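Reader: Could you walk me through one part of this model up close? I'd like the contacts and cut-offs spelled out as you go.

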Amino acid sequence: MNELLCVTAWFLAGLVNGISGMGAAMVALPFLSIFMSPQEFVPVACIVVTVISAHMAWNYRYACKVSTIKALFIGTIPGSFVGLGLLIFIAPRLLQFIIGIVLLLFVVWQFNKKVSQIKNKETLGKGILAGFCAGVMTTAISFGNPPVGIYTLHLGWGHHESVGTMNMFSTGAYAIACIIQAMGGLYHIEVLQYAALGIPAAIFGILCSIPIARRINAQLFRNILLFVLVISGCVCIIRAI
């Protein structure tokens, strides 16, 4: 039964990630939390999402913004160590609650018509900050893409460059999180077994999403991304209560 839930969860996660460019761990969580603790779910999610992100990044490699990815990585390495400390030494409920509130407030702010039409200037400092937040969230709660998704919305990017850049970055960020979690002793045989079940299911989900993703224009993608951020925020708050 647990194996079936795991496969179903990651198939749906791959499907959603293939359409929106993010949200895989968020979709898998309700299924996996039935039989996994956070200390098991987070490392499983990091392994599977690393593979999902690598697949998506390869598909959208022509649209990746390398300069942005460099800035994000500068921030994500220290952020990942901070996230590991939160995961091991502190119950992450308060962190999840704060993150959930911030995500929901950002979405409400984006519904301001003037704000939603602005294309802001990209800077090194903003990129580092987004990368730091992504590193913390990736290692601590496995929801690493929302800060980068917020950053792409802030810059007013389109579908392909957002998905390509987010997933190129998250491939490296989740890989770093996997290494740091392994150093922290979080990987054991059950974690690896569930990850091995999840990877092919997630890839199949991505392949099924391709016909849908090809029909998404810039405005629809923006709305989908905002919707995924709302769900991510709600999931964080529910997990914290």
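Author: Helices here are DSSP runs of H or I with at least four residues, strands are E runs of at least two, and both are numbered from the N terminus. Quick caveat: this is a predicted model, so local features need pLDDT of at least 70 and side-chain atom pairs count only at pLDDT 80 or more, while totals for chains, interfaces and linings use all residues. Residues are numbered from 1 along each chain as its sequence is written, and side-chain values use heavy atoms, with hydrogens and water left out.

Let's zoom in on Thr 68, which sits in helix α4 (residues 66-89). Thr 68 has a relative accessible area of 1%, so it counts as buried (under 20%; over 50% is exposed and in between is partly exposed, using a 1.4 Å probe and protein chains only). Setting aside residues up to four places away in sequence, Thr 68 touches Glu 122, Tyr 151, Trp 157 and Thr 165, where contact means heavy atoms within 4.5 Å.

With Glu 122 there's also a polar contact, side chain to side chain, at 2.2 Å. That term covers a pair of N or O atoms within 3.5 Å; within protein, one must be able to donate a hydrogen and the other to accept it, and residues adjacent in sequence count only if both atoms are side-chain atoms.
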